Amino acid sequence: MNDHSPSRRAFLQRTAWLSAAGAAAPFAMNLATMAEVAAQTSGAGDYKALVCVFMQGGNDHGNTLLPADATSHAAYAKARGDLALPLANLAGTTLSTDASSNLGGRQLALAPALQPLKALYDGGRLAGLLNIGTLVEPTTLAQYKSQSVPLPPKLFSHNDQQAAWQSHGAEGTSAGWGGRVVDAALSNNGQASLTCINTSGNAVFVAGEQAVPFMVNPAGVPAVAALGGGMFGSAACEQAFLKLVTQTSQAHVLAAEHAKVMKRALDTNGQLRSALSGAPALNTVFDADGLSRQLAMVARLMSVRATLGMKRQVFFVQLGGFDLHDNFAARHPVLLGQVAQGLSRFQQALDEMGLAQQVTTFTASDFGRTLSSNGDGSDHGWGSHHFVMGGAVQGQRLFGTLPDAGLGGSHDVGQGRLLPTMGVQQLAAALGRWMGVGPSDLGLVAPGHSVFDATVLSGLMKT
């Protein structure tokens, strides 16, 4: 990056501001008005958003996208044993592809539980990513075995691989690539604290170097317990409390900073509650499961984007339960069904709001799993298959390299664990470009992306 570029100067200025703020900085930056520390984005009135749907625990890729031709399915079934889905069950979910999807004459199908996604795929608004995972650089099986290239930290570990997927770094990394998209794009959002939103707890994906996640309950924005009804039944007590916690003209720098944080927190809470109270009713009906409720809240937040002055947003939603070492046959289809139904309804809501072209949603997970069965489930793996959804996506295509259907192939590091052929950096770079991240800042969003083949995902996004 050019040391004298405006984006770099802004980055350094904001980093210095964070250092000066000390211990209060992370929370303060969550509530600070980013317009005070960020440059203007191009294009007034435009809006774009990324939504990460994280399948926590490590989704089993083998029963997500399945071989649908007889030869490949036979190899798959031999490797999977009692976990294999019958070929006859895939008749309604087999995916058509164009010549750009290099499957070598093979066929793939969605798991039957993912049936709601078939219409999105056929309609050109859903694409598949084949064998994507955490990598430091392109790696062959021989290099992996000889450990002659750097590898992601602590492979097959939940916490470490969740961090690597979301941040390209080890557990403890403070900023994720979703948050860095916002940093690098230098958003001029009217409400900076609502730029990166998490509906499911802590996640490094939506933490930037400057932007800090704002957490929202899927049920709504809770009221501050001490306010609105008189603290201890006393309006005077409530006013005294407010004055105490929001009085910024205090002698001690930490006390003054704390008051600024509290004032901004209360202001943001009130503004968001007010905006959502006037949110237009959606005709789209979401299911009652946890993931659907999170996606419904994301849709509500997007519906008041103009009221809040939002132009760029990044969201993180999560569904747990995918660490299926056992009880796989009963649980995995249920979880996939929730993902498929939630995504389908969410895209329907985006259509309803006129945001189909402006929001891109993608799935992610800790890692894939073993193709071989452990008797009642599958164990921790590495590469996996994922989806990207939206009106701006070049859908009805499968991007990447399809691994061998059975065990012992050129991407099998043991028990059918896939050595990824597509790095998460490649996805981060493609989505970062779509969000408006310039070439000089792309290294912040996707460190090391330049060592990967840029053509693999060059056609993922239409614009």
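## Cavities, pocket and a helix pair

The lining of the largest cavity divides into nine nonpolar, eight polar and three charged residues. Here Ala, Val, Leu, Ile, Met, Phe, Trp, Tyr, Cys and Pro count as nonpolar, Asp, Glu, Lys and Arg as charged, and the others, Gly among them, as polar. The model is predicted: local features need pLDDT of at least 70 and side-chain atom pairs pLDDT 80 or more, while totals for chains, interfaces and linings use all residues. Residues are numbered from 1 along each chain as its sequence is written, and side-chain values use heavy atoms, without hydrogens and water.

On a 1 Å grid over the protein atoms alone, a cavity is a set of points where a 1.4 Å probe fits but cannot get out, and a pocket is an open set with protein on both sides within 12 Å along at least five of seven lines; lining residues have an atom within 4 Å of a point. A volume is the space filled by probe spheres set on the points, which are joined across faces, edges and corners. Three cavities of 30 Å³ or more are present.

| Space | Volume | Residues closest to the centre |
|---|---|---|
| Largest cavity | about 200 Å³ | His61, Leu371, Pro403, Asp404 and Ala405 |
| Largest pocket | about 220 Å³ | Ala430, Arg433, Ala454, Leu457 and Ser458 |

Eight nonpolar, five polar and two charged residues line the largest pocket.

Helices H10 (residues 290-303) and H12 (residues 328-353) have axes that come within 9 Å and cross at roughly 15°, so H10 is roughly parallel to H12 (angles under 35 degrees). Axes are lines fitted to C-alpha atoms, for helices over the stretch in contact, and angles run from 0 to 180 degrees between N-to-C directions. Helices are DSSP runs (H or I, at least four residues), numbered from the N terminus.

Methods:
Helices (H or I, at least four residues) and strands (E, at least two) are DSSP runs, numbered from the N terminus. Angles under 35 degrees count as roughly parallel, over 145 as roughly antiparallel, 65 to 115 as roughly perpendicular and the rest as oblique.
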